[in-house]
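Please look through the sequence and the structure shown below before reading on.

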Amino acid sequence: MSKPPLSARLTVWTLVILLAAPIAITLAYSLAESWGAHILPQGFSIQWYAKLWTDQRFLAAFGRSLLVCLAALALSLVLILPALFVVFYYFPRLKGLMNLLVLLPFAVPPVVSSVGLLQLYAGGPLPLVGTPWILVLCYFTLSLPFMYRALANNLEAVNLPDLMDAAHLLGAGTTRAFLRVVLPNLRNGLLSALFLAFSFLFGEFVFANLLVGTRFETLQVYLYSQRTTSGHFTSAMVMSYFLFIGLATWVALRLQSRSA
């Protein structure tokens with residue numbers, strides 16, 4: 001294999017530096033004891049991380065964000081997987097309509113959607129505003145495009161009709177064929193969809209702030225409330241969030257490589 005030209009290597013390294021520089025600077029600031037008038041920090045310490053991870057309010061907000069995201073993803077799996085199977089196997093002509101419907105959450109700006117949800121669920125028979133339930137249902141709609149697109153591509157790749165016909169010829173019913181034959185072939189797409197949607201939902205702020213706010217404080221709402229405190233503290237929080245998402249992504253890649 002020939003060595004890449006210098007221009008190609010410079011392009012790649014320039015991109016890497018541009019992407020890594022903000023993260024490296026934030027990490028350095030989160031570890032600095034103080035960093036003001038001088039170009040370099042006045043010593044390094046983990047005091048800001050120690051303060052962050054002993055803050056009960058932060059730990060509670062972190063747990064709430066995790067709980068809401070996992071609940072929304074579980075609801076997505078329960079509803080989207082059977083719906084995708086039915087559409088791709090029984091009603092393939094509806095694929096175009098499904099592609100349009102799953103993009104609707106991104107067609108409406110979050111602020112506009114939040115105002116509508118506030119008007120609809122602030123009172124009446126379903127007063128959900130200020131409760132985690134409205135956030136779970138809202139996050140469920142936000143996860144739809146990620147879940148649908150990844151799983152739809154996977155279903156197209158495995159050739160679902162032929163796979164089901166082969167299972168039926170071997171004596172399996174439709175339900176058993178879906179659980180024992182189709183689902184194992186969707187493992188990679190399912191993992192990609194779950195972790196992509198999780199990383200997006202875990203960092204969502206607009207809906208969490210407008211629909212529940214401090215009544216069910218999530219991680220991003222907590223981060224917003226701490227914007228006027230020490231920049232070292234908020235940098236430690238941002239880096240903790242980044243490392244958590246990075247670890248989750250690494251786990252997903254490891255699981256994918258093992259199942260490949």
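Predicted model: local features only at pLDDT ≥ 70, side-chain atom pairs only at ≥ 80, totals over all residues.

Although asparagine 159 is not a glycine, its phi is positive, at about 60 degrees. As background, most residues other than glycine have a negative phi.

**The protein as a whole**

- The protein has 260 residues, of which 35% count as buried, and its C-alpha trace spans about 75 × 70 × 30 Å along the principal axes.
- In the protein there are 13 helices and 0 strands, so that the order of elements from the N terminus on reads α-α-α-α-α-α-α-α-α-α-α-α-α.
- When contacts between residues at least 6 apart in sequence are considered, 72% of them join residues that are at least 24 apart.

- An unreviewed UniProt entry carries the annotation "transmembrane region" for residues 12–32, 66–91, 97–121, 133–151, 190–212 and 232–253.
- Residues 97–121 are 88% helix and 0% strand in the model, with end C-alpha atoms that lie 28 Å apart.
- The feature "domain: ABC transmembrane type-1" is placed by UniProt, again in an unreviewed entry, at residues 62–252.
- Over residues 62–252 the model is 80% helix and 0% strand, while the end C-alpha atoms of this span lie 20 Å apart.

**Leucine 77 in helix H3**

- Helix H3 covers residues 56–89, and leucine 77 is found in it.
- Is leucine 77 buried or partly exposed? Leucine 77 is partly exposed, because its relative accessible area is 23% and buried would mean under 20%.
- Setting aside neighbours within four places in sequence, leucine 77 is in contact with Pro82, Met147, Leu190 and Leu194.
- From C-alpha to C-alpha, leucine 77 and phenylalanine 140 are 9.6 Å apart in space, although 63 residues separate them in sequence.

**How H3 packs against H8**

- Two packed helices are described by the angle between their axes and by the distance between those axes.
- For H3 and helix H8, which covers residues 160–169, the angle is about 95 degrees and the axes are 10 Å apart.
- This angle makes H3 roughly perpendicular to H8, because angles from 65 to 115 degrees fall in that class.
- On the H3 side the contact is made by Phe85, Phe88 and Tyr89, and on the H8 side by Leu160, Pro161, Met164, Asp165 and His168.
- Sorted by kind, the residues of this contact of H3 with H8 are 6 nonpolar, 1 polar and 1 charged.

**Aromatic pairs**

- A search of the whole structure finds 16 aromatic pairs, and one of them joins phenylalanine 58 and tyrosine 222, whose ring centres are 5.9 Å apart and whose planes meet at 50 degrees, so this pair is tilted.
- Phenylalanine 58 lies in helix H3 and tyrosine 222 in helix H12 (residues 219–225), so their pair ties together parts of the chain that are 164 residues apart in sequence.
- Phenylalanine 58 and tyrosine 222 are both buried.
- Phenylalanine 85 and phenylalanine 178 also form a tilted aromatic pair, with 4.8 Å from centre to centre and 50 degrees between the planes.
- Because phenylalanine 85 lies in helix H3 and phenylalanine 178 in helix H9 (residues 174–185), this pair ties together parts that are 93 residues apart in sequence.
- Phenylalanine 85 is buried, and phenylalanine 178 is buried as well.
- Ring pairs also link Trp53, Phe58, Phe62, Phe198, Phe202, Tyr222, Tyr241 and Phe244 into a cluster.

**Asparagine 154 in helix H7**

- Asparagine 154 lies in helix H7, which covers residues 132–158.
- With a relative accessibility of 13%, asparagine 154 counts as buried, because the cut-off for buried is under 20%.
- Which residues does asparagine 154 touch, not counting those up to four places away in sequence? Asparagine 154 touches Asn185, Leu186, Arg187, Asn188, Gly189 and Leu190.

Note on methods. Residues numbered from 1 in each chain as written. Heavy atoms only, no water. Helix = DSSP H or I, 4+ residues; strand = E, 2+ residues; numbered from the N terminus. Buried < 20%, exposed > 50% of the residue type's maximum accessible area, 1.4 Å probe, protein only. Contact = heavy atoms within 4.5 Å. UniProt positions renumbered as here; feature names shortened; annotations may be inferred. Axes fitted to C-alpha atoms, helices over the stretch in contact; angles between N-to-C directions. Parallel < 35°, antiparallel > 145°, perpendicular 65-115°, else oblique. Nonpolar A, V, L, I, M, F, W, Y, C, P; charged D, E, K, R; others polar. Phe/Tyr/Trp six-rings, centres within 6.5 Å; stacked < 30°, edge-to-face > 60°.
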